Amino acid sequence: MSTTTANTTPAAAEPVATPKVEGPWRRFISEFAESKLALLGLIVFVIIALVAIFAPWIAPQNPYDLAQLDIMDGRMEPGTVGGAGFTYWLGTDDQGRDMLSGIMYGLRISLLVGVGSAVIACAVGASLGMLAAYAGGRTDTVIMRLVDLQLSFPSILAALMILAFLGKGVMNVVLALVIVEWAYYARTVRGTALVERRREYIEAAQCLALPTRRIIFRHLLPNCMPPLIVVATMQIARAIALEATLSFLGLGVPITEPSLGLLISNGYEYMLSGKYWISFYPGIALLVTIVSINLMGDQLRDVLNPRLKK
Amino acid sequence: MSVYLLRRLLQSVLVMLAMSVIVFVGVFAIGDPVEILISPDADQMERERAIKALGLDLPLWQQYLSFLGNALRGDLGRSFVFNEPALQLILQRMPATLELALGATFLALIIGLPLGLYAGLKPKSPVSSAIMAGSILGFSLPTFWVGLMLIMVFAVQLGWLPSTGRGPTVEVLGLHWSFLTWDGLRHLAMPALNLALFKISLVIRLTRAGVRETMLMDYVKFARAKGLSPARVTYVHVFKNIMIPVVTVVGLELGSTIAFSVVTESVFAWPGMGKLIIDSINVLDRPVIVAYLMMIVLMFITINLLVDLAYSALDPRVRLENK
Amino acid sequence: MAVSPVANSSVAATASAPTLEVRNLQTHFFTRAGVVKAVDGVSFTVQRGKVMGLVGESGSGKTVTGFSILGLVDEPGRIVGGEILFHGQNLAKLREEEMRRLRGNRIAMIFQDPMMTLNPVLRVDTQMIETVLAHTKVSKEEARQRARDTLGMVGIPSPDERLKSYPHQFSGGMRQRVAIAIALLHRPELIVADEPTTALDVTIQAQILAEVQKLCAQTGTAMIWITHDLTVVAGLADELAVMYAGRVVEHGPVNETLDKPLHPYTNGLIGSVPSRNKRGEPLRQIPGMTPSLLNLPAGCAFRNRCPKAQDKCKQAPPLGELLPGRQARCFFPYNMPAEAAA
Ligand SMILES: Nc1ncnc2c1ncn2[C@@H]1O[C@H](COP(=O)(O)OP(=O)(O)OP(=O)(O)O)[C@@H](O)[C@H]1O
Ligand code: SF4
Ligand SMILES: [Mg+2]
């Protein structure tokens with residue numbers, strides 16, 4: 001009998017959010033900007049990226065050019081004027097390297113490794129995830145087993161092992177990071193693609209006998225973008241931290257081109273004697289970079305997550 | 001229940017086998033084992049004799065089988081550096097690492113749970129915003145750098161805590177532990193906190209999300225409708241439900257905590273197996289690397305099994321299904 | 001703001017002091033999208049030992065009314081006006097701790113979905129005993145005894161064994177019986193039952209209805225029975241209050257109201273129920289949609305769906321006592337005696 005009243009109620013009276021007449025892109029921007037912290041993160045990250053890109057032009061010194069370094073200027077306190085005539089605002093390391101310049105160049109490596117590995121891992125992972133979702137069956141099982149295996153293994157261990165086999169070097173670090181990270185993308189894309197596949201427009205596209213490739217690139221991939229962006233943001237931050245950690249452990253980039261992690265590691269032995277700046281400032285740079293990315297990522301996740309939307 | 005356990009054990013054996021293949025291929029096939037296992041000073045005659053003795057002239061699958069047979073007997077090779085059985089080296093250092101990881105997990109729970117609970121119960125308060133901002137920081141801070149900063153502040157500047165090492169240990173059940181003496185605890189404090197930092201953030205977020213989700217459940221409202229005190233609603237009805245995901249995740253994370261102790265042990269010169277593995281990688285002491293990997297995998301499997309058991313103890317719905 | 005002249009005189013026909021009297025209750029939700037006036041002018045009375053049916057379509061504010069009475073409205077909602085008089089005491093003004101002592105003790109509530117009301121990780125005995133101990137100083141054993149007796153009372157076989165079970169080991173009907181038993185533990189003076197049988201199948205529904213009716217008569221408990229279902233109300237309730245868009249639009253004795261509804265909305269609801277005297281006629285539906293509570297138009301909220309709407313309806317009709325003991329919120333009611341209908 002309880003069904004009878006249903007007749008009187010054609011639709012439940014859910015309070016509908018005030019309809020905003022905005023494009024999805026505009027709405028995305030305004031929702032993102034709702035968090036002041038996320039906006040701050042974005043601004044800081046843009047500044048950091050600019051500093052990293054233009055480091056060769058704005059850094060007081062080329063910290064990789066040993067000819068420019070003066071051992072006599074080693075371990076100078078922040079603010080001292082060195083032999084070359086300019087002020088070491090953040091001090092120098094044991095080789096007389098200007099810390100400010102070292103940090104600017106170090107950021108280059110950190111961002112390059114972080115973003116580069118994320119892009120490659122995203123391409124590899126997304127393709128495999130798409131393949132798993134689309135092919136299904138045994139292909140799906142094999143790929144997802146690999147993903148599970150990869151995800152259950154702590155990233156630091158996997159990276160350590162790979163570097164132990166391959167040796168040091170920027171490219172090897174990137175490779176290790178890609179191997180560590182691809183699984184996150186694969187899982188994300190597969191999950192989204194499986195949901196999207198059932199949607200009507202895919203059926204419609206299949207009815208029109210469009211080639212598979214077109215369905216994937218025109219229909220599936222664009223819908224996987226939002227979650228992929230969220231994962232990628234978080235993974236870039238993780239990759240940067242992991243690279244720094246590996247370099248700190250002496251397994252990352254070579255000593256001639258120190259990244260932030262290696263700069264921090266170099267300062268370790270001097271810290272006990274109170275020369276804090278060699279480790280401190282690169283660490284701050286690393287921290288600010290990672291925090292700015294994570295702040296953006298947090299907000300992106302809230303904005304792009306359809307589950308949280310009312 | 002026993003059928004379930006049996007199936008899980010079988011699965012575990014399969015995973016171990018798979019890992020042993022990966023490790024074998026990784027260590028013995030990619031690198032040149034001759035170079036690794038035989039002293040570079042040896043002349044041609046000696047080398048050939050050694051190759052025969054080590055069975056390196058046999059086909060790969062036979063080599064793998066003998067590797068497997070040795071491994072089953074607990075023989076994972078001898079360290080080139082220490083000239084001791086690799087497994088023994090690892091086992092000697094395992095208690096230190098376990099102590100560190102368990103200490104960190106303990107800290108993560110006693111710090112993370114109350115903070116997460118507060119942030120979940122009072123989402124609008126500025127304190128909660130501060131807690132959540134802090135947890136982003138906790139996720140972002142590179143562990144090794146925080147370790148250095150801890151040393152700088154508490155050991156160098158303030159002089160409150162020792163900067164490195166494990167301090168005195170007490171032998172209980174044949175193993176050495178630091179946490180039983182005051183000085184040992186002082187040594188343990190900073191490394192444990194350092195390793196816990198990431199997990200604290202994780203526990204805060206898990207707890208907060210769990211609280212917010214659970215608070216919306218009908219059964220919480222019903223508990224309030226029964227006239228229970230707010231404390232009882234929070235600490236019994238809400239808390240018991242969020243303990244399920246928290247215990248599961250923290251338990252599963254114990255494996256990764258052990259893995260990440262590699263970093264903390266390097267910073268604080270903590271004499272555990274993480275420091276050993278970094279040193280071994282740096283000098284390419286491969287038998288030790290192999291032994292470490294196999295031990296880690298074994299620990300992972302054990303931890304997963306224990307977490308599953310804990311999970312079914314906490315959640316009556318699961319308990320029933322497995323009976 | 002709804003203007004309601006119902007000041008102090010309530011249903012005149014029943015003069016004895018009511019267990020509960022709700023006067024012009026307003027509960028609003030302050031959401032990001034705007035103020036949702038979920039309850040905006042609800043008035044009714046419930047007498048001792050009587051059942052009042054509270055009906056209305058989905059989203060009309062029935063559950064929020066129930067939560068308001070128990071002081072369980074959560075953020076972003078708030079009671080912003082009106083009185084909830086329980087034996088003359090205004091619950092809306094009570095401090096939380098005083099309210100807590102009433103809840104589950106003198107006022108109890110049964111929720112809509114039995115699958116969701118019991119905590120999945122606590123045993124049934126825990127959930128019952130804690131309710132006893134929250135309000136009385138007895139030993140745990142005595143509390144268990146009382147839990148066992150009450151379970152028996154609502155028709156659960158071998159209650160001793162059942163006490164040790166977890167909720168998922170019960171069927172939906174059994175779970176709702178447990179929830180009802182929990183509500184009955186302290187022999188409350190008022191029970192708010194929020195569609196307690198909708199989720200159950202028809203035979204179990206009938207069983208539970210009969211048992212609840214018996215219990216109410218025995219113990220003198222007053223009851224608010226929230227439902228969609230007019231047929232349930234007809235068989236169970238003494239009084240009827242009809243809600244539309246957050247307001248009570250009609251309130252009176254159940255038989256008279258169902259026979260000769262005053263408000264066009266009530267009339268429409270009855271018209272949509274197949275009944276004996278109308279057999280063969282097609283089901284009539286009320287045309288139109290429930291209005292969004294966010295931007296309710298001024299005037300009568302039913303205006304855009306009402307067959308009798310006129311210009312005057314652009315003003316808000318007050319809830320007035322149109323016939324002795326019968327109130328409605330309408331300018332042009334149905335079924336009025338000839339001379340009264342203007
Ligand atoms: N937390 C909240 N925030 C905003 N609006 C709410 C909230 N809770 C309830 N509402 C709104 O209050 C209105 C009344 O809801 P209520 O649950 O009382 O309806 P109901 O009559 O019980 O309906 P049903 O028959 O479907 O149970 C609805 O429009 C609902 O959207
Ligand atoms: S007041 Fe007017 S619009 Fe409202 S119900 Fe009565 S007749 Fe219909
Ligand atoms: Mg309801």
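Chain C of this predicted model exposes about 14400 Å², of which carbon and sulfur atoms supply 52%. There are 11 helices and 12 strands in chain C, and of its 342 residues 56% count as buried.

Q: Why is C:Pro264 called buried?
A: Buried means under 20% relative accessible area, and C:Pro264 has a relative accessible area of 4%, so the word applies. The residue is found in helix α11 (residues 264–271) of chain C, and, not counting residues up to four places away in sequence, C:Pro264 touches C:Phe302, C:Cys306, C:Cys330 and C:Tyr334.

Q: How far apart are C:Pro264 and C:Arg48 in sequence and in space?
A: The two residues are separated by 216 residues in sequence and by 30 Å in space, C-alpha to C-alpha.

Q: How do you know that the span of helix α5 of chain C agrees with its number of residues?
A: The expected span is 1.5 Å times one less than the number of residues; for the 14 residues of α5(C), residues 140–153, this should give 20 Å, and because the end C-alpha atoms are 20 Å apart, the two values agree.

Q: Which residues of α5(C) are buried, and what makes them line one face of the helix?
A: The buried residues are C:Ala143, C:Ala147, C:Thr150 and C:Leu151. Seen down the axis of α5(C), they fall within an arc of 105 degrees, and therefore they line one face of the helix. These buried residues pack against α4 (124–135), α6 (159–163) and α7 (172–184) of chain C, while after the helix comes C:Gly155, whose phi is positive, near 85 degrees.

Q: Why is B:Lys221 called buried, and what does it touch?
A: The cut-off for buried is under 20% relative accessible area, and the value for B:Lys221 is 14%, so B:Lys221 counts as buried. B:Lys221 is found in helix α9 (residues 218–225) of chain B, and, leaving out residues up to four places away in sequence, it touches C:Phe67, C:Leu72, C:Asp74 and C:Phe111.

Q: Why is B:Phe154 called partly exposed?
A: The term covers values between the cut-offs of under 20% for buried and over 50% for exposed; B:Phe154 has a relative accessible area of 25%, and therefore it is partly exposed. B:Phe154 belongs to helix α7 (residues 143–157) of chain B, and, its neighbours within four places in sequence left aside, B:Phe154 is in contact with B:Gly159, B:Trp160, B:Leu161 and B:Met190. Between the C-alpha atoms of B:Phe154 and B:Gln11, which lie 143 residues apart along the chain, the separation is 46 Å.

Q: What makes up the nonpolar surface patch of about 700 Å²?
A: The patch is made by A:Leu42, A:Val46, A:Leu50, A:Ile53, A:Phe54, A:Trp57 and A:Ile58. Both α3 (36–53) and α4 (55–58) of chain A supply at least two of its residues, and the largest share, four residues, comes from α3(A).

Q: How do you know that A:Phe54 qualifies for the patch by its accessible area?
A: Patch residues need over 30% relative accessible area; A:Phe54 has 40%, so it passes that cut-off, and the value makes A:Phe54 partly exposed. Its place is in the loop between α3 and α4 of chain A.

Conventions:
Residues numbered from 1 in each chain as written. Chains lettered and ligands numbered in written order. Predicted model: local features only at pLDDT ≥ 70, side-chain atom pairs only at ≥ 80, totals over all residues. Heavy atoms only, no water. Buried < 20%, exposed > 50% of the residue type's maximum accessible area, 1.4 Å probe, protein only. Arc of directions from axis to C-beta. Contact = heavy atoms within 4.5 Å. Patch = residues over 30% accessible without salt bridge, like charges linked within 9 Å, V, L, I, M, F, W, Y side chains within 5 Å. Areas by Shrake-Rupley, 256 points an atom, 1.4 Å probe, with all protein chains shown as cover. Salt bridge = Lys/Arg side-chain N within 4 Å of Asp/Glu carboxyl O.
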